[in-house]
Amino acid sequence: MPTQTSGSTRRRTLSLVLLAALAIVGVATVWGVLQSRADEPDAAADAAAPLAEGSLAAGFHAPDLDLYYSGQVVEPDPETWTDVRPSADYRVLVLADGQDAGTPRDPQVATLVGAVERWAREENRVDLTIEYLSDPHAYIDEIDRAASSGDADLIVTAGNGLVDPVAVVSANYAGEDLQQFLVLGAEVAEPTHNIAASDWQGSAYLGEGVTESDYYDPAEVTASRAYAALRAGVAAVLSGYTGIIVRIPADSY
C-alpha cells in the first residue's frame, strides 16, 4: 500500500527543493560575476603609465633593468633616447615654481617649462597640464594634492624650490598607489623608486640645505639642454627606469 505523505512533510520537501534551486542559482550568479570580472581589464593596469614605444640605444648606457638602484646615475651619449615615445596617451602634469598662478619664478623655470611644452607639441600622445605653485609654505600640500588625485601618469617638477617638497611627497606614493615623478633640471639626494631626475652639470641642485651655487649656475640652464634632459628623462621612465638620475652631456647642447 502506498505511504501517505502528510502536508507538513510535503512542505518541508518543497522547501528543500526550493533552497537547492536557489543555491544553484546563487552559485551560477556568483560564477557569472567572477567570470565577467575576469574578462574586464585590470583597473590597476589601466591606471599604470603607458609603456615605451621604441627603445633606448646602447649608447644610453642604461643598467640592467632588474638590477639598477634608485639614485643610480646614468650618463648617456647624445640623442640615444630619441627613439622612445609613449605607446599610448600620456598624461603629464608640470608643477612649476612660480611668482603667482601664471608666472614662472625666474627665467630658468620658464626655460624648463618651455622644454616640456615643446615636447608636448611634437608628441601628439601627450596630454599636458601646467600649474604654477607660488606659496612655498604650501608646496608640500599642493604636490600631495596633485599626486593623490591620480590625474597624471607623470608629474614633472620645474624649479629648485620644489626639490625638497617633491622629495618629501614622493615617498608617500612609492607603494601600491604609485605616482611617478620626474625632477627636471635638478635632482633629489635620496630618491625613492618612483622619482627620477634629469639634469646636467651646472643644474644638478640637490636640495637638503646644500648650497645652491655649489651645484647650480643659472647661466647653464639653456633651452637646448632643458629639452634634451626632458626627452632623456621621460624616455628613461617609460623604459622602466623610474628612480634613475639621467645626466646629459652639457657640452653637446
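**Figure 1. Glu187 and Arg247 form a salt bridge.** A salt bridge here is a side-chain nitrogen of Lys or Arg within 4 Å of a carboxyl oxygen of Asp or Glu. Glu187 sits in the loop between β8 (180-184) and β9 (195-200). Arg247 belongs to strand β10 (residues 245-248). The pair links distant parts of the chain, 60 residues apart. Helices (H or I, at least four residues) and strands (E, at least two) are DSSP runs, numbered from the N terminus. Glu187 is buried at 5% relative accessibility, whereas Arg247 is partly exposed at 23%. Buried means under 20% relative accessible area, exposed over 50%, and partly exposed in between (1.4 Å probe, protein chains only).

**Figure 2. Arg91 pairs with Asp153 in a salt bridge.** Their closest N and O atoms are 3.1 Å apart. Arg91 lies in strand β4 (residues 90-100), and Asp153 in the loop between α4 (139-149) and β7 (154-158), so the contact ties together parts that are 62 residues apart in sequence. Asp153 is buried, with a relative accessible area of 7%. Arg91 is partly exposed, at 28%.

**Figure 3. Arg225 meets Glu220 in a salt bridge.** The N to O distance between these side chains is 2.7 Å. Here the arginine, Arg225, is buried, with a relative accessible area of 13%. Glu220 is partly exposed, at 25%.

Figure 4. Side chains of opposite charge can pair when their charged atoms come close.

**Figure 5. The whole protein holds ten salt bridges.** Its secondary structure comes to six helices and ten strands. Of its 253 residues, 42% count as buried. Take the contacts (heavy atoms within 4.5 Å) with a separation of 6 or more: residues 24 or more positions apart account for 71% of them. The accessible surface is about 13300 Å² (Shrake-Rupley method, 1.4 Å probe; for residues, only the protein chains shown count as cover). Carbon and sulfur atoms hold 53% of that surface.

**Notes.** Residues are numbered from 1 along each chain as its sequence is written, and side-chain values use heavy atoms, with hydrogens and water left out. In this predicted model, local features need pLDDT of at least 70 and side-chain atom pairs count only at pLDDT 80 or more, while totals for chains, interfaces and linings use all residues.
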